[in-house]
Amino acid sequence: MRPLIRLLRILRFFAGEVFLSIILGIAAIAAGIGLLGTSAHIIASAALHPSIATLQVAIVGVRFFGISRGVFRYLERLVSHSVNLKMVTRLREDFFRRIEPGAPANLVALRGGDVLQRVIGDLEVLENFYVRVLAPVMIALVVVIGTSLFIGTYAIELGFVLFFGMVITGFIQPVIALLMTRKPSESLVHLNAKSSAKWVETLQGLEDIQACNAQRYAYAPLLEDIALAGKMQKRLSVLSGLNSGMALLLMNLTLFATLWVAIPIVNDGGLSGVSLAVIALITLASFEAVNPLPAAAHQLSASRIAARRLFSPVGEDHNQLVRIDSELTSFQGVKLEGIRLSYPDRDEKVLDDVDLHLKRGQKIAVLGTSGAGKTSLINVLVVFQQAQSGTFKVDGVDVKGIDPDAVRSLFAVLPQNIYLFNGDIRENLLLANPGATADDLMRVIEKAGLSDWFQSQPDGLETWIGERGVKMSGGEKQRLAAARVLLQDRPFLLLDEPTANLDQISGEWVMRSLFQHAEGKGLLLITHDLAWLDAMDEILLLENGRIVERGKLSELQDSNGVFNQLFKVEMDRLIDR
Amino acid sequence: MNFQPRLFREARASGWLFPMAVITAFLAGGLAIYQSYQLSRIISGVFLDARTLAQVTPLLRLILLTVLLRALFTFLNEMLAGHLAVTVKLRLRTLLLEKIERLGPEYLKNETTAELTTIALQGVDALDAYFAQYLPQVLIAVILPLTILAVVFPLDLVSGIVFFLTAPLIPLFMVLIGKAVENLTGRQWRALTRLGNYFLDTLQGIGTLKLLGRNRDRAGEIRTVSEKYRETTLNVLRITFLTALALELIATLSTAVVAVEIGLRLLYGHIAFQQAFFILLVAPDFYLPLRNLSARYHAGITGVTAAEKIYSVLDAPDPIEKLVRQPEELGHLFKDNFHIDLRHLTHAYPGMKENSLADVTLSIERGRHYALAGRSGAGKSTLARILLRFIEPDAGELLINGEHVGGWSREAWRKYVGWLPQSPTIFNASILHNLTLGDPGFTTEQIQHALDIAELSVLVRRLPRGLDTPLLEAGYRFSGGELQRVALARIYLRDPQILVLDEPIAHLDPKLQHGLNTSIRRMMTGRTTLTIAHHLSTLEQVDEVFYLKDGRLAAQGCHTDLLTTSPEYRDFIESREQLK
């Protein structure tokens, strides 16, 4: 139950609002009880034909309750939703603070799978925790005790009947129902997840399946899953039907028992006939408090799972935050020596004994097959990955003693996986340099070869680029990322295939701008493309994490080694892009 | 209102389930009224006529029976509604799968796979609430209040009139306020979704934030944005909850009015206590179905939205599946020296102005190797896909030995025309399954032979689990080249007469490239092939090159001839050199 306690502890920050929402919730139900109770009182009293004056108070009461119930309910819903939203705000902030130091490595490696989607899903579940679970339970507790005590003042036995009736209906039965349905609904969720993966795979492979005429065999498992899920769901609907029927039965049995106990007391004169009518209606009305509890029980078990996952450790934070050393101000060079890197639960090394010395004013290219470890090299430099062995020094100082954020601030990076934020062009560019003026932005847009595209955008810098920049093509995204790099005045540039999505002409344009920007800085270029190699001071050939050849272009061409072979294959490639 | 005639038809199509669900719900509701009536008799008897417990026991027994029956019908109703939902969902999912089969991979290019999966699984599941709760409730909300009216009117005219006049207010307010909410949320929608997605956006882009040095300030920004999100949401909720408030007020105020009114009439002896008490008891029941309907308004909206998406897939125009003529077995056509003619093929992709293929005519003869050359977008893959019948051309025809191919089913055609895509799909299953794709009709010898050709036999023998080794799971990690070979063996197993292949693009790995090329060559021997070429060496080796430019067939002939006869082709080949 510890994750739930943590949730409750978050709520103490807004205890005032929590209290208010509970009071309003109780008031709403009390008004409902009051409405039916006073109505019953009016009618029963009227049957005895008293003077109208004796009914006046009750008539005012009925009107008051009639109006106030809705108003209380309305206010309660607003306040409790506000509490819940505040709680989720805290949860988000808290999660971000925990995950930030180890990101992005922990988001990928952490327990595998789609961590992010799950975090978002868990938060969505918890968006209902207060409104659907905590508030109804607390309100029900107060109402159950309150009404039982109130009815107990008429006759103590009746108080007990109502108390047990409500406890069984509201607290015991929902738990039984939950236990009954938990297993089948869990296996249904499991089946759905599995069959979702099968659908995705089948649809993604539809071309191959159709080309092989294997439709019949490919669809069969999908149809089987659907049939199986249907069967399970039918079984679940029987169970949930049983539970609904049971809840109704229990509530009415409580009413029945109340009558059974009350009638002899009325006969004996211990209770007036008017009271009998009032008690019957109050009993019916007070069940409103326990009605939401079966749903709350369901939500509670979902919330527990979500909270446990959300609060679980998010990958160790191996980055010690240390203040940046003072001698790190000249930034003359970064040096990797004997770097070895492998990922957990994989045998092969991604980087194996890699040496690299990037100085200011120097240009280094890294070539290699996909999967050779080129991108991992960048990840080591920006401290997203920590090498298992080897040293990484900046101006002779080991980075282990430096704040990783400070190390990163040395590099302007154009990554392979470009991420654009849901926002406009200005916001996305300003992230790179918050102090940039509109003129600066226009300049880098032009230099990144985005002018033509930019001219065609109706809202200029305020043009909305959508979620992950969906409104832009791959090439446009890459150029926007290049523009970000051009906005940053940092001593070193790391470019990971900066022209991968560009046609030849715009590729050359972008590269020229980046080279110009790299003047007097250190440049590390990862590439597939053999163009620009003659401008490089050193070329590294990376294969399976090892550097197999290095040198200037002319040296490599003369050596008749691996580079020359690759070069031939590359020449065989038709330019059909 | 959220009424989808097609969903209603689906419900009716599932036989007796839907009427039974409605009937049981009605019986459960009707019995509630009856129970209230008996309850009023008991209380009236004890209160005014001083009846003893023994005297009212028969009535109490009757109540007990009523309660049991109500519970039974409630159970039956929920079960039947659940079964109804399952039946409809099963039907819709089967229809979706059949439709996807007919639409083929071309359709999946626009409609992303994930989206379609969501529609078929979660989308169809969203109909649960619609069939289980909303649709029966719509009918109940009409029938039950009318029944109560029919009972109350004879008892007390004034109460009947109050009920009768206030009832329509509930749907009226629902619609009026619903409209206002829609307008408001419509206006705030973009802000809301953006604020709502901000956190996910931040987490997804956390690497980029760090590279740009913006990670530290972000935690505070998350709070600011979440606060803004809360404020905006509450503004919307303030209006949204008005619907519930209005419904609540109508129901409670009417109850209050009725209570006071019958109380006063009772005071002056115009009505009997038992009748008055009964009316008071049924007053909340009268409004309940209508309020339930509004509470399930959301289930209705969700269901209709989901249905729109489902039907948008089901209603997508089928590619022309012309009348299939017999016989389905086309083996005789491929026996002797067959030739395939593509005549005046023209095709444009939906939404594109320019033709991707324009009036292309060419023919393919048995046993020869052909290559398609051209820049990307020249129409190479469109042409290949027409030959494979993934695309039906807008105009032009595909003939074999002079007979129209379009008349036969695509399955019959593809038995003889095989396809090796550039990056074939590898399924998360065993090697064996990836070869047969579940088809049990291959012999061990056939499979072994396919493995030999693809040079996989040695590898498979080395694996402890052999052919049952799963391909994509952890454990032995297969290289990209090995996976390519599995796909190669998959096609070889089917022994197509004509092989269409999209040449794998070489990444800078000469060894892999060379080995794969050898296997591919071996597979091409003795077969008619059409290669979408990306390598100069391929063009040099085939018998005939079709050079496509902007969707037209610009030149055809063997590579060396074309270099001299076609300036366009020469330009195309030489542009490679210019790059250096």
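1. Two residues are in contact here if their C-beta atoms, placed from the backbone, lie within 7 Å. Keep that in mind as you look at chain B of this predicted model. Take the contacts in chain B with a separation of 6 or more: 77% of them come from residues 24 or more positions apart. Chain A gives the figure 77% for its own contacts of that kind, again counting residues 24 or more positions apart against a separation of 6 or more.

2. Next, the overall build of chain B. You'll find 21 helices and 10 strands in it. Its C-alpha trace spans about 115 × 65 × 55 Å along the principal axes. The radius of gyration of chain B is 36 Å, while a compact globule of 580 residues would come out near 25 Å. As for burial, 43% of the 580 residues of chain B count as buried.

3. Now put chain A beside that. Chain A has 20 helices and 10 strands, and its C-alpha trace spans about 115 × 60 × 50 Å along its principal axes. A radius of gyration near 25 Å would go with a compact globule of 577 residues, but chain A has 35 Å. Buried residues make up 44% of the 577 residues in this chain.

4. How is chain A divided into domains? The assignment gives domain 1 (2-311), domain 2 (333-410 + 491-502 + 522-571) and domain 3 (419-489). Notice that domain 2 of chain A is written as several pieces, 333-410, 491-502 and 522-571. The centres of domain 1 of chain A and domain 2 of chain A are 58 Å apart, taken over C-alpha atoms.

5. What about the place where the two chains touch? That contact takes 117 residues from chain A and 123 residues from chain B. If you want one element to look for on the chain A side, pick helix α9 (residues 215-267) of chain A, which gives the largest share with 28 residues. By class, the chain A side divides into 64 nonpolar, 31 polar and 22 charged residues.

6. Have a look at helix α5 (residues 127-155) of chain B too. This helix has 29 residues and reaches 41 Å from its first C-alpha to its last, close to the 42 Å expected at 1.5 Å a residue. There is still a bend in α5(B), about 30 degrees, at B:Q137.

7. Two residues of chain A have backbone angles worth a check. A:N213 has a positive phi of about 55 degrees, although it is not a glycine. You'll find A:N213 in the loop between α8 (206-211) and α9 of chain A. Is A:N213 buried or partly exposed? A:N213 counts as partly exposed because it has 18 C-beta neighbours inside 10 Å, and a residue needs 20 or more to be buried. A:D353 also isn't a glycine, and it has a positive phi of about 55 degrees. A:D353, though, has its place in strand β2 (residues 351-359) of chain A. With 14 other C-beta atoms within 10 Å, A:D353 is partly exposed.

8. B:A412 is found in helix α13 (residues 410-414) of chain B, and it is partly exposed, with 16 other C-beta atoms within 10 Å. Between B:A412 and B:N215 there are 197 residues in sequence and 58 Å in space, C-alpha to C-alpha. B:D495 lies in the loop between α17 (480-494) and β7 (498-502) of chain B. Because B:D495 has 15 C-beta neighbours inside 10 Å, it counts as partly exposed. The C-alpha atoms of B:D495 and B:I177 are separated by 66 Å, and these two residues are 318 residues apart along the chain.

How values were computed. Residues numbered from 1 in each chain as written. Chains lettered and ligands numbered in written order. Predicted model: local features only at pLDDT ≥ 70, side-chain atom pairs only at ≥ 80, totals over all residues. Helix = DSSP H or I, 4+ residues; strand = E, 2+ residues; numbered from the N terminus. Nonpolar A, V, L, I, M, F, W, Y, C, P; charged D, E, K, R; others polar. Rg over C-alpha atoms; globule rule 2.2 N^0.38 Å. Buried ≥ 20, exposed ≤ 12 C-beta atoms within 10 Å, placed from the backbone. Domains from an automatic or database assignment. Expected span 1.5 Å × (residues − 1). Bend = angle between axes of the 7 residues up to and from the residue.
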